[in-house]
Amino acid sequence: MDFINQQTTPQPVPKNWLVESILATIFCCLPFGIAGIVFAVQVNKLYEAGDYEGARQASDNAGKWTKVSFWVSVGGIVLCILFVTLFGGMAVLNSFRN
Amino acid sequence: MKRAVALVVPAAIISGILLFYFLFDARKTTWLPQCPFHLLTGFYCPGCGSQRALSSILHGEFLQALRFNVLLIASLPLLMYSATVMIVNKTTGNHIVQKFFYSASFGRIVLIVILAFWFLRNLPFFPFTSLSPNDH
């Protein structure tokens, strides 16, 4: 754990979303997380090369894909629970009728 | 106050998720969502098996979790390191940068490992079948 040296780095490194996109890849079950990791690597590479504007854009993209991956899977789980509750409830009602 | 919220809210969400996968065992339930990639292509993605692995861990069966998704277990130390730094930053107001995650070579290694895992776990012969979440 180090502090970023403000004297040698004129701009702070933009958030690279690497950890978040790894989480999204492993837990969200969606290849969108991979896109997040690709952009996270871009952030690191461009920042090390001194391209701060490019690193910032890559950071935005990494964040975007990580969030897409996250919300798609949250949506999937919510739909799934709704589906089970709805049809589970209907099955219970049906069992009363029969 | 703001700092407390920043810690309590994520902690509550994570505890909720863990409780969910403890109560609804992904190894036994059939209604939990399947990976859309697996559903569409029949191939496994790097995240396939993680719901079952999570339920395995929560029921204390670590070896079984390894078989469902090795990558999940392998990433736990990294995630814990990251979470620790985050908690320290949030509680003390420091801005410790996780330099480790900001080196280009580390990012590239992560990408290569995940892509390799994605490819290898779909190979239908030993020893790669042990990486697949099924076939046990």
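Author: A polar contact is a pair of N or O atoms within 3.5 Å; within protein, one must be able to donate a hydrogen and the other to accept it, and residues adjacent in sequence count only if both atoms are side-chain atoms. The model is predicted: local features need pLDDT of at least 70 and side-chain atom pairs count only at pLDDT 80 or more, while totals for chains, interfaces and linings use all residues. Residues are numbered from 1 along each chain as its sequence is written, chains are lettered from A and ligands numbered from 1 in the order in which they are written, and side-chain values use heavy atoms, with hydrogens and water left out.

Reader: How far apart in space are N122(B) and F43(B), C-alpha to C-alpha?

Author: Beyond its neighbours within four places in sequence, N122(B) is in contact (heavy atoms within 4.5 Å) with F43(B) and Y44(B). In sequence, N122(B) and F43(B) are separated by 79 residues. In space, their C-alpha atoms stand apart by 6.3 Å.

Reader: Is N122(B) buried, partly exposed or exposed?

Author: Buried means under 20% relative accessible area and exposed over 50%, with partly exposed in between (1.4 Å probe, protein chains only). Because the relative accessible area of N122(B) is 21%, this residue counts as partly exposed.

Reader: Which helix of chain B gives the largest share of the side that touches chain A?

Author: The two chains bury about 3,000 Å² between them, 80% of it on carbon and sulfur atoms; buried area is the accessible area (1.4 Å probe) that two parts lose on being put together, summed over both. On the side of chain B that touches chain A, α1 (2–23), α2 (36–41), α3 (50–58), α5 (70–92) and α6 (104–120) each supply at least two residues. The largest share, nine residues, is from α6(B).

Reader: How many charged residues does the side of chain B that touches chain A have?

Author: Here Ala, Val, Leu, Ile, Met, Phe, Trp, Tyr, Cys and Pro count as nonpolar, Asp, Glu, Lys and Arg as charged, and the others, Gly among them, as polar. This side has 28 nonpolar and eight polar residues. The number of charged residues is two.

Reader: How many salt bridges does the rule find across the interface of chain B and chain A?

Author: The contact takes 38 residues from chain B and 30 residues from chain A. Six residue pairs across the interface are in polar contact, both at pLDDT 80 or more. For salt bridges (a side-chain nitrogen of Lys or Arg within 4 Å of a carboxyl oxygen of Asp or Glu), the number found is zero.

Reader: What are the end C-alpha atoms of α6(B) apart, and which elements do its buried residues pack against?

Author: The expected span is 1.5 Å times one less than the number of residues, so the 17 residues of α6(B) should span 24 Å, and the end C-alpha atoms agree at 24 Å. Its buried residues include F106(B), V110(B), I114(B) and F117(B). They pack against α2 and α5 of chain B, and against α1 (18–27) and α2 (32–48) of chain A.

Reader: Which residues is F100(B) in contact with, leaving aside its neighbours within four places in sequence?

Author: F100(B) sits in the loop between α5 and α6 of chain B and is partly exposed, at a relative accessible area of 41%. F100(B) and S56(B), 44 residues apart in sequence, are 30 Å apart in space, C-alpha to C-alpha. The contacts of F100(B) are L78(B), Y81(B) and F106(B).

Reader: Near what value is phi of W17(A)?

Author: W17(A) lies in the segment before α1 of chain A and is buried because its relative accessible area is 17%. Its phi is positive, in a residue other than glycine, and is near 65°.

Reader: How many helices are there in chain A?

Author: Buried residues make up 36% of the 98 residues in chain A. The chain has zero strands and reads α-α-α along the sequence. Its helices number three.

Technical notes: Helices (H or I, at least four residues) and strands (E, at least two) are DSSP runs, numbered from the N terminus.
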